[in-house]
Amino acid sequence: GYAHPSETSVAELWDEADRGRGIGRETIALLSSYLFDDEDAIRVQATTDVDNVAMRRVLEALGFRFEGILRGFMPDPAGPPRDYAMYGVTRSDWRVR
């Protein structure tokens, strides 16, 4: 049988030209629903750059809760590693949203 982890991380990357078109929101909503409904995930977590205000709003609108800052999390060839915001949603929170 399928042995799933207790939590699942979602990553998404788009070019600047694709931002603001609702692609991120739709992708995260569909993927989260799939993970909870079909893969029996207990929780889904997502991270985004602390300065990516649009994605942070999307995550919060979908029911993800802010859980903290991952300091120096993402390597950045242009400078020091970037801080990322961590969000998570549990199966029970997803169902009542």
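I start with a rule: two strands pair if DSSP finds at least two bridges between them. Helices (H or I, at least four residues) and strands (E, at least two) are DSSP runs, numbered from the N terminus.

**Entry 1: ground rules**

I am working on a predicted model, where local features need pLDDT of at least 70, side-chain atom pairs count only at pLDDT 80 or more, and totals for chains, interfaces and linings use all residues. Residues are numbered from 1 along each chain as its sequence is written, and side-chain values use heavy atoms, with hydrogens and water left out.

**Entry 2: the outline**

I looked up the elements first. The chain has three helices and four strands. I read their order from the N terminus as β-α-β-α-β-β-α.

Next I looked up burial. Buried means under 20% relative accessible area, exposed means over 50%, and partly exposed lies in between (1.4 Å probe, protein chains only). Of the 97 residues in the chain, 33% count as buried.

I also noted the accessible surface (Shrake-Rupley method, 1.4 Å probe; for residues, only the protein chains shown count as cover). The chain total is about 6,400 Å², and 51% of that belongs to carbon and sulfur atoms.

Then I checked contacts, meaning heavy atoms within 4.5 Å. Among contacts in the chain with a separation of 6 or more, 60% come from residues 24 or more positions apart.

**Entry 3: the strands**

Which way do β2 and β4 run? They run antiparallel, and seven bridges join them. Along this pairing I found T47 opposite M86 of β4. I then looked at how β2 is covered: six of its seven residues are buried.

β4 also pairs with β3, again in the antiparallel sense, over seven bridges. Here M86 of β4 is the bridge partner of G68. A hairpin of two residues joins β3 to β4.

**Entry 4: salt bridges**

My rule for a salt bridge is a side-chain nitrogen of Lys or Arg within 4 Å of a carboxyl oxygen of Asp or Glu. How many salt bridges does this rule give? It gives five.

I looked up R82 and D49. Their closest N and O atoms are 2.8 Å apart, in a salt bridge. R82 lies in strand β4 (residues 79-90) and D49 in strand β2 (residues 43-49), so the pair ties together parts 33 residues apart in sequence. R82 is partly exposed, at 28% relative accessible area. D49 is buried, at 15%.

R82 has a salt bridge with D51 as well, at 2.7 Å from N to O. D51 sits in the loop between β2 and α2 (53-61), while R82 is in β4, so this pair ties together parts 31 residues apart in sequence. D51 is exposed, with a relative accessible area of 55%. I therefore logged D49, D51 and R82 as a network of salt bridges, given that a salt bridge is a nitrogen-oxygen pair within 4 Å.

Next came D93 and R65. Their salt bridge has its closest N and O atoms 3.8 Å apart. It links distant parts of the chain: D93 is in helix α3 (residues 91-96) and R65 in strand β3 (residues 65-76), 28 residues apart. D93 counts as partly exposed at 24% relative accessibility. R65 counts as exposed at 53%.

**Entry 5: the core**

A nonpolar core is a set of buried Ala, Val, Leu, Ile, Met, Phe, Trp, Tyr and Cys residues joined through side-chain atoms within 4.5 Å. The largest one has 16 residues, and V44, L59, L62 and F64 have the most contacts inside it. α1 (23-37), β2, α2 and β4 each give two or more residues to this core. Which element gives the most? α1 does, with four residues.

Leaving aside neighbours within four places in sequence, its contacts include I28, V44, L59, Y87 and W94.

**Entry 6: helix α2**

Which residues of α2 are buried? M55, R56, V58 and L59 are. Seen down the axis of α2, they fall within an arc of 160° (taken from the directions from the helix axis to the C-beta atoms), so they line one face of the helix. A54, R57 and A61 are exposed on the other side.

I checked what covers the buried residues of α2. The cover includes α1, β2, β3 and β4. Just after α2, G63 takes a positive phi of about 100°.
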